[in-house]
Amino acid sequence: MSQAPASMDHLWLPFTANRHFLQQPRVMVQADGMHFTTQAGQQVLDGISSLWCVVAGHNRAPINQAITQQLKTLDYATAFQVGNDRAFEAADRIAALAPGDLNKVLFCSSGSEAADTAIKLALAYHRARGQGHRQVFIGRERGYHGVGLGGMSLGGIPGNRKVFGAAMMSRVDHMRFIHDPVNHAYIHGELPQWSEDPLLELEQRILPLHDPSNVAAIFVEPIAGSAGWYIPPKGYLQRLRQICDKHGILLVFDEVITGFGRMGTPFAANYFDVTPDMLTFAKGVTNGVIPLGGVICRDGIHAALMNTDAPQHAIEFAHGYTYSGHPVACAAAVASMDLLAEENLFQRAADSGVLLGKAVHAAMRGLPGVVGIRTLGLAAAVELAADPTAPGQKAYNIFLDCLAHGVLVRSAGDNLVLAPAYVVSESQIAQMVDTLAASIKRHA
Ligand SMILES: Cc1ncc(COP(=O)(O)O)c(C=O)c1O
């Protein structure tokens with residue numbers, strides 16, 4: 001087994017309470033299947049597929065072998081003005097999985113880069129069609145599109161924006177959040193029905209304010225994942241699609257969490273039967289093993305940018321990353337998609353999601369301090385009563401306590417989230433649910 005780090009003096013951890021971490025280090029040194037081993041030798045059940053990434057479980061031999069083989073064959077090739085065979089193959093496979101005419105794939109290495117790429121694509125697309133005035137972007141309160149300057153600007157989680165004012169894109173607005181904490185506190189495997197229309201605000205206030213003809217794109221996560229698995233009302237995404245169509249606005253789904261099977265379908269776009277104009281992905285595409293992200297665009301977006309009088313040697317879209325379509329990442333993606341298909345893992349996610357939903361509602365409804373439970377697909381959020389004097393503190397303490405009891409859960413604000421790998425067993429679901437319920441009771 002690996003040794004504990006000799007020093008913790010130099011690493012600055014991302015999205016982490018670093019000072020507290022050093023008092024109570026949590027260091028993983030090994031992973032296999034559904035479990036980590038910590039530096040202290042403890043076995044920890046990964047209840048969140050390592051932040052929605054490791055969808056087929058850890059240490060999967062076919063993915064590891066594909067990576068090793070690729071390293072020996074073509075370790076890397078520059079991405080600019082030269083292609084590599086694996087990137088073409090991965091793009092073909094992703095396009096085949098994506099719904100409708102979402103057929104053109106631009107690669108990057110993360111969900112944040114994917115969001116910023118989609119923002120730039122929207123601007124370039126409108127300009128190519130003589131509508132360069134379309135520069136307003138609309139996100140949603142409590143949305144998360146990563147930490148790039150564009151994705152942060154469209155995102156709506158207050159803590160992620162608070163100190164970065166000057167870096168924010170200027171022409172951005174946000175739709176209201178999609179959750180009704182009173183009438184839809186408890187959602188069990190189905191979409192909430194709203195008596196009022198949450199998109200009236202978009203139609204009657206936000207779009208007229210900017211004039212729809214100036215709006216480039218609307219970005220949403222089909223299900224708000226990072227904020228704590230908040231589920232859209234029935235018909236919401238369909239109506240958003242209609243509004244975008246009516247005004248020539250691009251609709252972008254951020255599927256960094258929901259892509260590659262979390263809803264039991266390839267993408268949430270399939271689950272909700274709504275095809276966006278662009279779809280961003282990352283995480284599960286390689287089972288989290290190697291960084292890879294990207295944007296899938298409809299044919300028309302690609303065609304608009306290719307339809308140019310510029311000379312043949314001109315670059316049509318001045319954007320890309322050194323690691324766009326990295327052959328090793330793309331080999332991992334192809335192997336992951338093979339594995340998802342061979343083991344029928346989308347269906348398994350759907351089936352495990354039903355079990356998780358039942359278990360979470362049965363164990364946690366009525367526990368002290370629990371004010372909501374939302375389950376859909378293979379994910380569940382348990383919401384605790386907010387304490388204005390210490391926001392998020394109790395959920396963080398419960399996350400630490402669950403880890404001490406051998407289960408990794410995620411705290412997101414006042415929510416505790418479970419989102420295991422699709423290969424999770426019924427007894428592992430029981431273990432994570434029982435551990436979380438016991439911890440919530442201890443913190444009552
Ligand atoms: C919906 C969504 N978009 C974007 C991102 C950012 O992805 P990354 O951390 O790979 O940049 C995340 C990460 O959790 C996410 O959940």
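1. How many residues surround the ligand, and which are the closest? There are 15 residues around the ligand, and Ser 110, Gly 111, Ser 112, Gly 146 and Val 256 are the closest. A residue is taken as near a molecule or strand if its C-beta atom, placed from the backbone, lies within 6 Å of it.

2. The structure is a predicted model, in which local features need pLDDT of at least 70 and side-chain atom pairs count only at pLDDT 80 or more, while totals for chains, interfaces and linings use all residues. Residues are numbered from 1 along each chain as its sequence is written.

3. The shell around the ligand contains five nonpolar, eight polar and two charged residues. Here Ala, Val, Leu, Ile, Met, Phe, Trp, Tyr, Cys and Pro count as nonpolar, Asp, Glu, Lys and Arg as charged, and the others, Gly among them, as polar. Helix H5 (residues 111-128) gives the most to this shell, with three residues.

4. The protein chain has 15 helices and 16 strands. These elements are DSSP runs numbered from the N terminus: helices (H or I) have at least four residues and strands (E) at least two.

5. The radius of gyration of the protein chain is 22 Å, which agrees with the value near 22 Å for a compact globule of 444 residues. This radius is taken over C-alpha atoms, and the globule rule is 2.2 Å times the number of residues to the power 0.38. Along the principal axes, the C-alpha atoms fill a box of roughly 65 × 60 × 45 Å.

6. Of the 444 residues, 49% count as buried, that is, with 20 or more other C-beta atoms within 10 Å of their own C-beta atom, all placed from the backbone. Strand S4 (residues 102-108) is mostly covered, with six of its seven residues buried. S4 runs antiparallel to strand S11 (residues 293-298), and six bridges join them; two strands pair if DSSP finds at least two bridges between them. The bridge partner of Cys 108 in S11 is Gly 293.

7. An automatic or database domain assignment gives the domain bounds: domain 1 is 18-56 + 344-442 and domain 2 is 64-342. Their C-alpha centres lie 26 Å apart. In all, 33 residues of domain 1 are in contact with 29 residues of domain 2, contact being C-beta atoms, placed from the backbone, within 7 Å. On the side of domain 1 that touches domain 2, H13 supplies the largest share, nine residues. By class, that side has 20 nonpolar, 10 polar and three charged residues.

Methods:
A residue is buried if 20 or more other C-beta atoms lie within 10 Å of its own, exposed if 12 or fewer, and partly exposed in between; C-beta atoms are placed from the backbone. Two residues are in contact if their C-beta atoms, placed from the backbone, lie within 7 Å.
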